[in-house]
Amino acid sequence: MEAAAGESPEEALLFALDDLRGDNFKRFKNQLCFLKMEGRAPIPWSQLREADTVDTVQLMLHAYGAEGARDVAAEVLKAIGLRGSASRLQKWKWEDCRKRYKQHIQETFWSRWEQPIHPGTSVSLRQSYTDLLLTRTSCLQERAHELTAVERKHREMEAHPEDLLEVSLESLFDSDAQCQSSRTTVFLGPAGVGKTTVMWKLMLDWASGKLWQERFDYVFYIPGGAVDHGGEPMSVVDLVLGSCPPGTLLAEDIFMNQDSILVIVDGFDELKSPRLPSEMLSSDLHKKQAPENLVRGLLGKKLLTRSHLIVTSRPTALGSLQLSLKSPQFVEVLGFRPAQREKYFHRFFGNREEATPAFETVQRNETLSSLCFLPVVCWIVCSIIRQKPQSHLLKEIPETATLTEIHMLLLFSFLEGVSRPSHLEALCSLARDGVLHKTTVFDEEVLKAHGLSHPDLRVLSASGCVLHQDVLRASTYKFTHLSFQEFFAALSFLLEKDGSSVSSPTDLNEVLKERSGDFFVLVRFLFGLCNTRRLGALQKMWGCQTSGRGLLRELLRWVENEAKRHSFGKPGRLLELCRCVYEVEDVEFAKSVMGHVPNLDLRDQLSTQLDFAALSFCLSASETSHSLRLSGFTLGPVGLEQLLPGLLTASDIQLNRCGLSAAACETLTLVVETNQGLNTLDLGGNPLHDLGAIHVCSRLMDSGSRLQNLRLSSCNLTAAACESLSRLLASNQCLAELDVGENPLGDLGVWQLCEGLKHPQSRLQRLTLHSCGLTAAVCEALASVVETSEALAELGLGDNPLGDEGVRRLSVALKKPSCRLQKLALTMDFSSRTTKKQLQAACATHPQLLLVSYYPPGFPAFPGEDS
């Protein structure tokens, strides 16, 4: 008979002794009376001689206690050769310890699960918890601000959901598609995305029997911020089992089977010393060592080498973390999808009547809606809306409200009724130093050094509005979210006391010279708080003395230096500058900035109406000649109209895949007619159709435009547009390039173009006709142009089934001494080997002529066929 894991020690002993029959029970009692336990006298034989199983158990419990009696019984059973019975008793003991540990975990984490998310709210984590999006990823090498990086990830997922590699907690340690698995998993995500909440949920699910029951016997939780750098030495046993009640677990039993152990280090970025020292480590689990060295040993698998490990961290600490890890796999915590955001609102409010209008309020603003991928932002918004008197502020947020404006309204809502946050200068100083030193957790000693006393903390953390107390470490505080900390850090550079700035110029230089992207949001707030309208609102609401003129001069100087370094040519940096300039809403300042940025290359970067509003504002302020390159953002006629002031001074315009139709050509024709400095117009990838192209060509001819490059690839043009294009070629001596590839022009349409090319006034140098549905029938006309044109230097005929006949006719023209062609692009798959040799021989007669094999996008080119 075997005791169940839920039985008491007394019942387990009774089950074990009841299994003994006849002489075995006598042998047990005989051995028991001779057993000596340290500090305890053996049970006299006189008491054991007539004792039955119940009496014997009572004697053992009285002599050795519950834990000791169980161990003694196991030793006696081994001594008399009943190892099976001893093993069953030890197994019961092990299961009982595990059960009690799980109960302890449930009690500990359930209390956190049930308590309010923040003081001042009645909503608990259990009520509002919504599953987060977790995806497998390779190690992140790109450096960008953590918020902007995840926002971009969400946009990419919406555009390409098939690329999403979602992972669940259940499958976390399973092999991936390449049959690879790792015992170390790193959860990466920005502040406020819910990493710690996921870890708490994981602990609770394991302890309640819902997760990993067969995989892990024990799961241990170590909060990174609780590891005391420079504190008293401790052992691995102390570190891992430190939160367990005394006597709950025995280290020898637990660490014997390390494969079934999972250790969670939550918040690597909160370690007091994230750059862990490389001192020699002892593998002795009981040896006292520096706490930070123990963590390093766990991460690098020098301690508990066969155990499994989960580490959570913000991306900012990834560089330090990677130095410590051994063969990790990475999981990104991406927060809420749009559907999950709505679910959170419904769980928070608990009824549709409040949740639906609250969520609709958020949906009206793209920036605020996108920020709600962060659970903490969802909580902030829901908490504000639940406070009925304050909710009107959120409803006033305009559709294109900037990041600074949104944060001001959130903070004004939270602090409404507080005319001036207690010790605002101290709060800003704390935020600034924390950002500069990449610190988000502050203990009472640091708070005191910045002039924040307990009364101040009670006001600022009363409802979790600005600061909140750490659940695990009551003596430490965090800003409610990192962006709030960055907002107050930025405000510190505008605060004045007795007419002088309260911050150091050195600190500002340190922020502006940072090139990793960590300070992107802080810099945006710096620009946004220089807005005179917002400064007035701050002074009215909080009564603080501020001035932005000096800071604006420093920001303009920074732009000049960055422009000299060509920093705004890097992906994302130019768009971020436009957002910053738009925050200021100062036309003269924008003119000064744009004077240093002549090339606006924002292809495939715009994603929101706020991005477009920022570009439109900056473009309208640009007074000098510039280029504009956009793609992948739907403008339509209205959007194009908004860009008109900037288009009228642009030298190069590229608007690819911007959803422009024939209706938008009215604005385009105005640009062509008015902008005499326009050199390049690229409208590829827009459904202009024939009517749109005809409008553009007509205005180019009537206005005497000096346009040099016209690109209309993939614009749904047919032969009907080619008559106008032909007349343009015949009349405009400035036009040097025409690209009408990927349009079904057919032989008839290209024959018409050839008529214009043969006109004496045509000076076209580059003609692209890839994928136009051309056959051998049009090659006679093309050959005539090749033979006679003195200007045409490049001709693209790729992905057209010209056949052997067509290519042979071109080959004859290429041999002519009058041929001036320097580059010919063809798709050679449509020709026989003999025809290819004839073509190569023809090209050899002109050493300057380069023959290029063209393959359409996505078609695999073959090595050696480039020339």
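Before you start clicking, know that an axis here is a line fitted to C-alpha atoms, for helices over the stretch in contact, and angles run from 0 to 180 degrees between N-to-C directions. Helices (H or I, at least four residues) and strands (E, at least two) are DSSP runs, numbered from the N terminus. You're looking at a predicted model, where local features need pLDDT of at least 70, side-chain atom pairs count only at pLDDT 80 or more, and totals for chains, interfaces and linings use all residues. Residues are numbered from 1 along each chain as its sequence is written, and side-chain values use heavy atoms, with hydrogens and water left out.

**Stop one: two helices.** Select 23–34 (H2) and 53–79 (H4): these helices pack at about 100°, axes 11 Å apart. That makes them roughly perpendicular (65 to 115 degrees). Now show side chains: the contact (heavy atoms within 4.5 Å) includes Phe25 and Phe28 from H2, and Met60 and Tyr64 from H4.

**Stop two: the sheet.** Next, find the open sheet of ten parallel strands, ordered S12-S13-S14-S15-S16-S17-S18-S19-S20-S21. Two strands pair if DSSP finds at least two bridges between them. Select 599–603 (S12) and 850–853 (S21): these are the edge strands, each with a single partner, so one side of each has no neighbour in the sheet. From one strand to the next, the twist averages 5°.

**Stop three: inside the sheet.** Pick 650–656 (S14) and 680–682 (S15), parallel strands joined by three bridges. Look for aspartate 652, which sits opposite threonine 680 of S15.

Technical notes: Angles under 35 degrees count as roughly parallel, over 145 as roughly antiparallel, 65 to 115 as roughly perpendicular and the rest as oblique.
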